[in-house]
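Open the model in your viewer and keep the sequence panel beside it. This tour says what to select at each stop.

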Amino acid sequence: MTASEFSIIFVWLLALPSALGFGGLALVYRRFRSKRTNYALACAILVPLSGLIAFAIVAYCPDSIGRYIGIKDTPIMWAPFAFISVATAFPFVAFWLMRTSAK
């Protein structure tokens with residue numbers, strides 16, 4: 001797999017979990033009545049942070065758990081590691097969004 005193919009598949013796999021993360025951040029945004037720019041910045045922070053976590057999982061995950069969190073092909077291509085990475089990054093970004101709205 002070339003680097004460009006890897007990056008396209010990587011972005012595809014992170015698209016749905018990121019969209020779900022944006023929805024969760026929208027709920028936090030509405031609950032704490034934050035500024036719209038803070039919400040946009042939180043979404044902009046969630047994407048690279050979850051991308052770094054997903055890349056670390058792909059690069060440094062032990063082979064023994066690889067088949068459980070790897071890429072699944074049916075009926076569409078998805079990956080549990082992408083959901084894990086967004087779920088790991090979400091609490092930190094949501095906490096940041098709540099703290100910025102409290103000011």
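The model is predicted: local features need pLDDT of at least 70, side-chain atom pairs count only at pLDDT 80 or more, and totals for chains, interfaces and linings use all residues. Residues are numbered from 1 along each chain as its sequence is written, and side-chain values use heavy atoms, with hydrogens and water left out.

Select helix H1 (3-32) and helix H2 (36-60). Helices are DSSP runs (H or I, at least four residues), numbered from the N terminus. H1 and H2 pack at about 140 degrees, their axes 9 Å apart. Axes are lines fitted to C-alpha atoms over the stretch in contact, and angles run from 0 to 180 degrees between N-to-C directions.

Now show the side chains. Contact means heavy atoms within 4.5 Å. H1 contributes residues including Phe 6, Phe 10 and Leu 14, and H2 residues including Tyr 39, Val 47 and Phe 55.

**Ser 18.** Select Ser 18, in helix H1. Ser 18 counts as buried because its relative accessibility is 8%; buried means under 20% relative accessible area (1.4 Å probe, protein chains only). Beyond neighbours within four places in sequence, Ser 18 contacts Leu 46, Ser 50 and Val 86.

**Cores.** Select Leu 25, Tyr 39, Cys 43 and Ala 89, among the eleven residues of the largest nonpolar core. Such a core joins buried Ala, Val, Leu, Ile, Met, Phe, Trp, Tyr and Cys residues through side-chain atoms within 4.5 Å. H1, H2 and helix H4 (80-102) each supply at least two of its residues. A second, separate core has ten residues, including Leu 13 and Ile 69.

Notes:
Buried means under 20% relative accessible area, exposed over 50%, partly exposed in between (1.4 Å probe, protein chains only).
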